[in-house]
Amino acid sequence: MGAYWINTFTAIHDETKLARYIDLAGPAMRAAGGVFLARGNPVHVLEGSSGLRTTVIRFDSVDAAVAAYHSPAYQEALAELGDGAERDIRILNAVDS
């Protein structure tokens, strides 16, 4: 069953660290089998308080998404981000159609 990685930034403290994270995280996710479906700042925020960057990535499975998080390449991206931002990351099972 497929899975979706949803990453929502709740605070950005350092744009330079964020930019370096983005440069590294994208290739790390793609190398782990992730396909970006959406990314950037929301066009509309209908509920909630975060109008900051959100990313949705499709993976073949929950295990693949979790492995992507723990991969050396993504851990390097996280090290670059450091305290530059706060985020919520969730991995959801895809819905069978």
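Let's start at Arg-53, which touches Asn-7, Thr-8, Phe-9, Ile-22, Arg-39, Gly-40 and Asn-41, leaving out residues up to four places away in sequence; contact here means heavy atoms within 4.5 Å. The model you see is predicted, so local features need pLDDT of at least 70, side-chain atom pairs count only at pLDDT 80 or more, and totals for chains, interfaces and linings use all residues. Residues are numbered from 1 along each chain as its sequence is written, and side-chain values use heavy atoms, with hydrogens and water left out.

Arg-53 lies in the loop between strand 2 and strand 3; helices (H or I, at least four residues) and strands (E, at least two) are DSSP runs, numbered from the N terminus. Arg-53 is buried yet has no salt bridge. Buried means under 20% relative accessible area, exposed over 50%, and partly exposed in between (1.4 Å probe, protein chains only).

Leu-52 is found in the loop between strand 2 (35-40) and strand 3, and counts as partly exposed because its relative accessibility is 27%. Its C-alpha is 7.1 Å from that of Thr-8, although 44 residues separate them in sequence.

Now to the largest nonpolar core, with 17 residues, where Trp-5, Tyr-21, Met-29, Phe-59 and Tyr-74 touch the most other members. Such a core is a set of buried Ala, Val, Leu, Ile, Met, Phe, Trp, Tyr and Cys residues joined through side-chain atoms within 4.5 Å. Helix 1 gives this core its largest share, six residues.

Notes. Lys, Arg positive; Asp, Glu negative; His and termini not counted. Salt bridge = Lys/Arg side-chain N within 4 Å of Asp/Glu carboxyl O.
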